Amino acid sequence: MNKKKTMQDKMNRQYFLLIVPGMVIFTIGVILPLLLALRYSFTSWDGMTVEKESVGISNYINLWKDANFRQAWWFTIKFTIANTIVQNVFALLFAVALDSGIKAQKVYRTILFIPCLVSAVIVGFVWLKLYSNVLPELNEIFGTNINFLLFGDGKTVLRGLVIANNWQWIGYWMLIYLAGLQSVPSDLYEAAKVDGASAVQRFFNVTIPMLAPAITICVVGITTGSLKVYDLLVSSTGGGPGRASTSVIQMIYATAISGRQYGYGSAMSVTLVVILLMVAMIQVKGLKSKEVQS
Amino acid sequence: MAKFRRARQAEDVTQKPYTASTFAVQAVMTVVAVLFLFPLFVILNYSFKTKKELYLTSPLKLPDSLQWANYEAALKKLNLTTTFTNTFIYTAVSVLILALLCGVTAWAISRGKGKFFKFSFVYFVIGILIPFQALFLPIYTIGYKMHLTNTRYGIIFMYVATGISFGVFLMNSFMSTVPLELEEAARIDGCSVVRTYFVIVFPLLKPAFATLIIMQAFQIWNDYLLASLYVSKKGLKTLTVAIQSLFSAQASDYTTAMAAIVVSVLPISVLFLSLQKYFIKGMTVGAVKG
């Protein structure tokens, strides 16, 4: 017994040594920046000077009053909510459609998936050209009068970005739903059918509960991904027109790097991290509690 | 058991009857697929047009002849040999290090006994929720102070650091597929811990590594934020960063930009299409029961 224990101890020590390198790299590259951001957020540092003057929580108080920061958050929240709803609904719909026994399922799957392999920077540029040069051509062909210049107006820019973002990501989340659907044991459907459940009832009472783990992943993934939006904006709207599509990360970039207010920008970063963690945790908790145990 | 279940469903899919409503769904999905392909068609179409065609003819019209000169211009303007090699090196090296590191870390965490190992797992996995995109300021500052900016190993270090969390999580979910009995037998034969890992565990984790590698490769290949911060020097730039500067420089004559897009998307698409199976497995970890 005693010998066994020292054996496990000895092995634990070796296991420990195997974990150390990864832990050091992770700590330097991710945890340390988090702590640094927290520290700088209490200073008025400009990012260049040696001295970092402490200003207490005044950066956070100023953030609260900053109309631009509020606007950036407002845009980011609207973008996130729209994406979370549209992407989940369509991803699930397309997954159900592909799982309904149609022919050449894999071809559709690949086509819908390909856009997410394209870097968001490129997606932004392509949709910029689509809206400004390509789609208006359809009006001429069909004699219609649809406004395709979505990036040009502060009122429509959000819609334009949501469409571009959905084109890129629906296929990705659809694949997760598809894998979830294909893992639902068919005897469950048979049993529901025998009990006289209609197709709609089967969808809401069998499919949705069995998809709960996939729903958790997709909802959390889409929400946190949208809150971090930056790449998509760089080459499409650049945050405009005006400040209409400036996201939180973009504002951090502008404040800290172009505006030299490093301390103030760090406070923005910390706010974003805290909100992201809170949203993710609330969603995971809320959605997990709905997952059925099987 | 899980395998048995999945195999049975694969049969089920083909057994679903093809009715009128299936046909309707097929028709709708075909329209959707065409809509999804449309932007890709536009990219390809533009990439083969002459400047004259770009300005004077309809954007939907096919080019009279394939204008390979756009691709030549794209290769030159992107500095393709350099940027492509850079992106390839950053991606390949980061991904290999990640595979080595995450495999061994996840294994040690799952085999070690005690509070420390439980804590380590939580410590790593919490990183999935910490958005490095929100922390790019201190990430840059730390890199600058440690002389990591504008170096190849610096950007690779950051890709590894920001990829570890997901990697450990992913590899950990595969650990149950390694039979403990094999490891114990090896140990009785006098294998050290490290040797046990490389001789017994490592070969069994091959599908897991394929999954990890393709998931991370796709992220790193497409990264913009870290690359634009860390490697701004001309000889070290990545493809995505070079394309972005091409976009602003060629805002009106974008036939070259479109050709550049084709060039940059092609390698990762080929990789995906050939390794689709592993990619899907990585995406769906945790989404499927059993």
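A residue counts as buried if 20 or more other C-beta atoms, placed from the backbone, lie within 10 Å of its own. This is a predicted model, in which local features need pLDDT of at least 70, side-chain atom pairs count only at pLDDT 80 or more, and totals for chains, interfaces and linings use all residues. Residues are numbered from 1 along each chain as its sequence is written, and chains are lettered from A in the order in which they are written.

Start in chain A by selecting residues 120-134, helix α5. Helices here are DSSP runs (H or I, at least four residues), numbered from the N terminus. Of the 15 residues in α5(A), 13 are buried, so the helix is largely enclosed by the rest of the structure.

Next, select α2 (residues 58-65) and α13 (residues 262-288) of chain A, whose axes come within 9 Å and cross at roughly 75°. Axes are lines fitted to C-alpha atoms over the stretch in contact, with angles from 0 to 180 degrees between N-to-C directions. The pair is therefore roughly perpendicular (65 to 115 degrees). Residues A:N59 and A:Y60 are among those of α2(A) that meet α13(A); contact means C-beta atoms, placed from the backbone, within 7 Å.

Now show both chains: 77 residues of chain A are in contact with 77 residues of chain B. On the chain A side, helix α1 (residues 2-40) gives the most, with 22 residues.

Finish in chain B with domain 1 (16-67) and domain 2 (78-249), bounds that come from an automatic or database domain assignment. Their centres, taken over C-alpha atoms, are separated by 37 Å.

Technical notes. Helix = DSSP H or I, 4+ residues; strand = E, 2+ residues; numbered from the N terminus. Parallel < 35°, antiparallel > 145°, perpendicular 65-115°, else oblique. Contact = placed C-beta atoms within 7 Å. Expected span 1.5 Å × (residues − 1). Buried ≥ 20, exposed ≤ 12 C-beta atoms within 10 Å, placed from the backbone.
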